[in-house]
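Me: I would like to go through this structure with you, starting with its open spaces. Could you begin with how a pocket is defined here?

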Amino acid sequence: MESNKVTDALFGVAIGDAVGVPFEFSSRDKMASNPAKGMVGYGTYNQPEGTWSDDSSLTFCLAESLLHGYDLQDISKRFIKWKEEAYWSARGEVFDIGMTTSRAISRLKKIIEDGELQELKMLKYYGDEYDNGNGSLMRILPLLFYIKDRPITEQFKIIWEVSALTHRHIRAAMSCLIYLKIAEKLLEGKEKTEAYSEMRIEIVRFWEEMKFSGQEREHFVNIIQNDIREVPVDSLKSGGYVIEVLESSIWFFLKKESYEDTILSIINLGHDTDTSAAIAGGLAGIYYGLNGIPEYWVVSIARMEDIFELGNKLNEKVL
């Protein structure tokens, strides 16, 4: 099967997710004594190898929705269908869902049932510190193919709306913008260090234009104001906080020289291994391409043909 940048991205997310699933919640010390070396099954959730989690399910729901244009209600309905009916799950089961995401999807259902559809666009105004988990960053990558080449102000408006369906705070949305801006540069064929450098320049310029608060800028110091590559690996974290996984995913993507090394290295930080690997895997998938992913990992992934079909359809839509 021939790939394209959309399928590269989708497989990058799903394969990273699947390699990370068996190790979720493992401590860094545990991973150091028994590091991940490839795709295996069972472990934390007792799932067969190649099984991806909520990260990929929600990524695929977003990608499929974008086939029909940009519609927050349609995206929301697919998220609800995933939670309630295991739609776009790997093997017909929802086995991993974060509390923030679960509550948010219940909120989406009520908004739609009450017919208050304008509220979907207003969610971003109700964010608080508890809306800064990694659950919107993990699923945001397909939006790249809808917003690419648009002005950054328009990009951020759309990104924040989509992020706010589950994670409403501006910090979570800004993390998504930073991630997608690097991905956009990679899509243009930029070398990864160049993509990172150009992203930082554009983000700082955008912050000045939008008057992004100094208090919020402080959370992005390691990534934007400073060079993330200068952060010692021992300082990286991989829990559920969006800034932690944004820092670690960009660090490992920039530091490692293959998809495989990127994924295994970030998983070996432990903790939220599937999400960390899905986010880093999205960037690495675009950069190295499907041919750069170990073949055994590709053929082992659940619903491989369905992912190809979805990727090809979205690729045709955005060409």
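Reply: On a 1 Å grid over the protein atoms alone, a pocket is an open set of points with protein on both sides within 12 Å along at least five of seven lines, whereas a cavity is a set of points where a 1.4 Å probe fits but cannot get out; lining residues have an atom within 4 Å of a point. Grid points are joined across faces, edges and corners, and a volume is the space filled by probe spheres set on the points.

Me: What kind of model is this, and how are the residues numbered?
Reply: This is a predicted model, in which local features need pLDDT of at least 70 and side-chain atom pairs count only at pLDDT 80 or more, while totals for chains, interfaces and linings use all residues. Residues are numbered from 1 along each chain as its sequence is written, and side-chain values use heavy atoms, with hydrogens and water left out.

Me: What is the volume of the largest pocket?
Reply: The volume of the largest pocket is about 310 Å³. It is lined by 20 residues, of which Gly-98, Met-99, Thr-101, Asn-134 and Asp-272 are the closest to its centre.

Me: Which elements give two or more residues to that lining?
Reply: They are α3, α5 (99-113) and α15 (273-288). The largest share, four residues, comes from α5. Helices here are DSSP runs (H or I, at least four residues), strands are runs of E of at least two, and both are numbered from the N terminus.

Me: How do the residues of the pocket lining divide?
Reply: The lining of the largest pocket has four nonpolar, nine polar and seven charged residues. In this scheme Ala, Val, Leu, Ile, Met, Phe, Trp, Tyr, Cys and Pro count as nonpolar, Asp, Glu, Lys and Arg as charged, and the others, Gly among them, as polar.

Me: What lines the second largest cavity?
Reply: Leu-144, Ile-147, Lys-148, Gln-155, Ile-159, Leu-177, Leu-180, Lys-181 and Glu-184 line it. Two or more of these residues come from each of α7 (144-147), α8 (152-163) and α9 (170-187). The largest share, four residues, is from α9. The volume of this second cavity is about 30 Å³.

Me: Changing topic, how many helices and strands does the chain have?
Reply: The chain has 17 helices and zero strands. Its C-alpha trace spans about 45 × 45 × 40 Å along the principal axes.

Me: How much of the chain is buried?
Reply: Of the 319 residues, 59% count as buried. Buried means under 20% relative accessible area, exposed over 50%, and partly exposed in between (1.4 Å probe, protein chains only).

Me: How many residues are in the largest nonpolar core?
Reply: The largest nonpolar core has 106 residues, and those with the most contacts inside it are Ile-15, Trp-52, Leu-143 and Ile-178. Helix α9 gives the largest share of this core, 11 residues. Such a core is a set of buried Ala, Val, Leu, Ile, Met, Phe, Trp, Tyr and Cys residues joined through side-chain atoms within 4.5 Å.

Me: Is Thr-59 buried or exposed?
Reply: Thr-59 is buried, at 1% relative accessibility. Its place is in helix α3 (residues 54-66). Apart from neighbours within four places in sequence, Thr-59 is in contact (heavy atoms within 4.5 Å) with Leu-10, Val-13, Met-138, Arg-139 and Pro-142.

Me: What about Glu-202: where is it?
Reply: Glu-202 is in helix α10 and is partly exposed, with a relative accessible area of 22%. Leaving aside neighbours within four places in sequence, Glu-202 is in contact with Ile-152, Lys-181 and Lys-185.

Me: One last topic: what is the phi of Asp-149?
Reply: Phi of Asp-149 is near 75°, a positive value in a residue other than glycine. Most residues other than glycine have a negative phi. Asp-149 is in the loop between α7 and α8 and is exposed, with a relative accessible area of 62%.

Me: And where does Lys-211 lie?
Reply: Lys-211 lies in the loop between α10 (192-210) and α11 (214-217). Lys-211 has a positive phi of about 60° although it is not a glycine, and it counts as exposed at 69% relative accessibility.
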